[in-house]
Every structure is written in C-alpha cells, then in structure tokens.
Amino acid sequence: MRKLELVFVPAPSIGHLVSICKFAEKLVNRDERLCVTILIIRPPPPWDSSIDAYIKRSSSAPEGSRIRYITLAQIEPPSSEELAKSIEKYISLLIANYRPLVKDAIISNKSWPDTDSNPKIIGLVFDMFCSSMIDVANELDIPSYLFFTSGAGFLGFLFYLSVWHDQFGREFNRSDGDFNIAAYAHPVPSKVLPTFAFVKEGYDSFRNHGVRFKETKGILINTVAEFESHAVNSLASDPELPPVYTVGFLLDLEAQKGKGNSKSEHKEIMKWLDQQPPSSVLFLCFGSEGVFEPSQLIEMAIGLERSEVRFLWSIRPPVNAETTNLEEILPEGFLERTKNKGIICGWAPQVDILAHKATGAFISHCGWNSTIESLWHGVPIVTWPLYAEQHINAFQLVKDLEMAVELTLDYRMHNTDHCEIVKAEEMEKAIRCTMDTENPLRKRVKDTGEICRKALMEGGSSFISLGRFIETILDS
C-alpha cells in the first residue's frame, strides 16, 4: 500500500513545534496510510536546546515510525536591525528565506525506510508565521493548509486587519477606542490589541499573513469548537475563508519531568504539592520570556502575603537589576515569613503542576499553550498578559468566555510608554476572588475542561473535525 505524505513546516519555536507535532501524531494514528515529514527550521543561534530534546523524545514514540524530522541547513538570518523593529517581521522574513530549501527538501526527499516506493505528497501544512510557504506549495502543485497554533479569536483578529487597513490604511493606536470584530462577542478595546498591532512592521507582517491564509485549502485551529463557539462560528460562516477544522486541544501532556539541574527541583515541587490540601495552591508562572522589574516583584510579594494563600511562584531573574538575589529584591523578611506557605522556584514543570489536585488557580501571561493547559486541567486563570497576542487572549477569556478573573489586561512588559505597576491591593483582590470556593467561575472552568477532553474522544467535535480533514486530503 502506497503511503500518503503530508509535509509540515513549523515556526522555529518550541511552543509552535509541540502543537504541530501533536497534530501530526493524531493524523498518523487515525489513518495508517498517512505519514508526515516535519521540516525543522532552526532559530538563529543560540537556539533553544529544548527543540532538539523534544524531537529526540518525539522520534522515539510509537508514532515515530511514520513521522520523521529533517533539519534544514542554516542560512544567514535577517539583520539585527529587522529584529529591533519587529520580532514578528523578523521571524516571517527568516522563514521566507527558507523557501528554496523547503522546496528542494520536498523534491529530493526519497528516503522513507521500509517502503517499496516513495509516498505521494498530498499537502503542505504550515505554521502561522510561514504563509510564504504557500509559494512552494503552488510551485509544486500541492495543496496548502494553515495550522494555527493559537485560538480562533486571535485568528479572527488577523483577518480583521485587512478590514481595518481598507478603512484607515495604518497600524493601530492605543487611543483608537473599541472595535467590533466578528470573532469576538464584545467590542474589543484598543488597549488589549496584540503588541505587534501598534508597530508598523509587525502590523504589516501579520496583515499579509492574514491575506495569504485565505489562499489555502483549509485552516486547522488548535481549539475546541464548544470552547470558542462564537469565534469558530464567525470563521466558519465567512464565505471568503476556506474550510475551518477545530482539532484541539493539542497538548504535550508527557512533557519532560525536568531538565538538567531542574530534575531535583521538580521532585521537591511535586513532593511539596502532595502535602497541600486540594485546590489550595496558587500557581504563578509567566512563560520563558516573562520577566518583571524588582519594583513589580515587590508588589507581587506583598499581594501574595496579604492574600494568605499557599503559592508556588516561578520567577525569572530581573533584567539589568543590580542583583538577582531574591532576598535582596523581595520585601525584607518575605521569604522567611512565607517559607511554610509557599515555594519560589526558577524553572517550573507547568503541566505537572496544573494537573496536580492541590493547584487551585493560575496567574498566567495567557499565552495560548498555557491557557489551554490550564483549562484542560480545570484550573481557573488570573490574567496578567505581557506581550505578543496575550492581551487579546486575556480579554477573550474574561469578557467573551468568562473563564478567567481579570487582574490586568493591558500590562506591557518592558514598555517605556506604559510603566504602570500592578499594585498589591489589586493582586490580593483578584487572588481572593479566584480562590473563593463559592465563585461560580471555578465550576465553569472545571466543566469546560471536561468538555474539551471529550472533544478529542471518539464522537467528540475535535475527533469529528479531524476525520473531516482526513477525508478531504485523501480525496484531493
């Protein structure tokens, strides 16, 4: 039986790579005729070693025999000046420069093991930053599909960029007021728009991506139809868009239990959680890039102590601070007074912590992976977005979906134009609200987690949507 092959091109980021690889696993597990080649574009050095570790672990999985990884040769990245202007445009330019290498890899790729003939390539699946790969698909006369690693609401915003540009011909300003965007049930304030929306280069880059997404044969979204029902329905009913498939949530629930020196820290964290009452611990974690100035860390510590809750706080060292010694940064005596109440760590095994019965709430930057991990485990979110599209994710969670408690929606990390500090009083109030066992939000989140789990089971919405996509590509 001749194999049918899909070629995947993810963005050079572990957060994007994991979900697209999990999607590949779902595909090959559903139909034995399918196989997947994932072309790896390395970020410029020093690259994230977790990418190599993940590929090694994924390759050893049972599905690995029909999923293979090919790492492309590195080429000269765009200039540092481009990076300074916009990280979004920089990544998009970097990936666009790989088009000849991707095309050559697809044409010359003939070495699948244990096959008598070369698989037939039936599609190219690309990440949200990789719309330039549509050119490769067109040149090779194969259909292209978008795999959108974030949610349907944010995707709807990207399509809205063209509508806005036709009217005003410019990027957004924070004083623009509210916007009626089809993917959101409530008017969207300008203050919660993604960071790139206010920067010409980032705005132009994503507006171009949105235009090109419409050229594809289908759009796959890492979400659950019941979870983002308004956004999904708005996309599905748009006659200008290709078919939409909701195939989430796609999570790495078998994440590594610690890296290097973090293994012992992982054991200590889990041992401490085992000793805490159910739903009693507040988890604070802000992603690999989430860093606060010492003045903000002090307010956070005061708010935590006043709330009197148990806590597990992951802190990245402050940038350009006079010291990284937390005893010198945090309020005097804080670590001693709270030593029986909480733990402060650097790296944190986020998935394992969210899955633990002791975890009662999550103060999060609202990146999409963190959001769906929290909801999957039924843990309510307190919103503290920092950069990228996290602000509009937080807005959607609070206003449209009613799945989170608002602490802040417009905090911008390292933003010299908006240096407002979230005060201890605000933090204490949000924590007490979220950790209140009588808050109906807690049950809504738990019930939503169950719905999202069932969506992936046979007969569930994501299971059915994946089946529809497979039927489409096999018939093409």
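Biologist: Why is Asp-141 called exposed?

Modeller: This is a predicted model, and in it Asp-141 has a relative accessible area of 71%. Exposed means over 50%, so with 71% Asp-141 is exposed.

Biologist: Where is Asp-141 found, and what is its phi?

Modeller: Asp-141 sits in the loop between H6 and S5. Its phi is positive, at about 60°, although the residue is not a glycine. Most residues other than glycine have a negative phi.

Biologist: What makes Ser-279 count as partly exposed?

Modeller: The relative accessibility of Ser-279 is 37%. Buried is under 20% and exposed is over 50%. The value of 37% lies in between, so Ser-279 counts as partly exposed. Ser-279 lies in the loop between H10 and strand S10 (281–285). Its phi is also positive, near 55°.

Biologist: What kind of peptide bond runs from Gly-248 to Phe-249?

Modeller: The bond from Gly-248 to Phe-249 is cis, with omega near 0°. Most peptide bonds are trans. Phe-249 belongs to the loop between strand S9 (244–246) and helix H10 (262–274).

Biologist: How do you know that the span of helix H1 agrees with what its residues should give?

Modeller: H1 covers residues 14–30, which is 17 residues. The expected span is 1.5 Å times one less than the number of residues, so H1 should span 24 Å. The end C-alpha atoms of H1 are 24 Å apart, so the two values agree.

Biologist: Why is H1 called mostly covered?

Modeller: Of the 17 residues of H1, 12 are buried.

Biologist: What makes strand S4 largely enclosed by the rest of the structure?

Modeller: S4 has 7 residues, 120–126, and 5 of them are buried, so the strand is largely enclosed.

Biologist: How do you know that S4 pairs with strand S1 and with strand S5?

Modeller: Two strands pair if there are at least two bridges between them. Strand S1 (residues 4–9) is joined to S4 by 6 bridges, and S4 is joined to strand S5 (residues 144–148) by 3 bridges. Both counts meet the cut-off, so S4 pairs with S1 and with S5. S1 and S4 run parallel, and so do S4 and S5. For example, Val-7 has Leu-124 of S4 as its bridge partner, while Phe-126 has Leu-146 of S5.

Biologist: Which unit do S4, helix H6 and S5 make?

Modeller: S4, helix H6 (residues 133–140) and S5 make a right-handed β-α-β unit.

Biologist: How many cavities of 30 Å³ or more are there?

Modeller: The count is 2. Rolling a probe the size of a water molecule over the atoms shows where empty space is left.

Biologist: What classes of residue make up the lining of the largest cavity?

Modeller: That lining has 7 nonpolar, 3 polar and 1 charged residues. The lining includes Phe-286, Gly-290, Trp-313 and Arg-316. Arg counts as charged and Gly as polar.

Biologist: What classes line the second largest cavity?

Modeller: Its lining has 8 nonpolar, 1 polar and no charged residues. Among them are Pro-10, Ser-13, Leu-17 and Ile-51.

Notes:
Residues numbered from 1 in each chain as written. Predicted model: local features only at pLDDT ≥ 70, side-chain atom pairs only at ≥ 80, totals over all residues. Heavy atoms only, no water. Buried < 20%, exposed > 50% of the residue type's maximum accessible area, 1.4 Å probe, protein only. Helix = DSSP H or I, 4+ residues; strand = E, 2+ residues; numbered from the N terminus. Right-handed = clockwise from strand over helix to strand, strands pointing away. 1 Å grid on protein atoms, 1.4 Å probe; cavity = no way out; pocket = protein on both sides within 12 Å on 5 of 7 lines; lining within 4 Å. Points joined across faces, edges and corners; volume = space filled by probe spheres on them.
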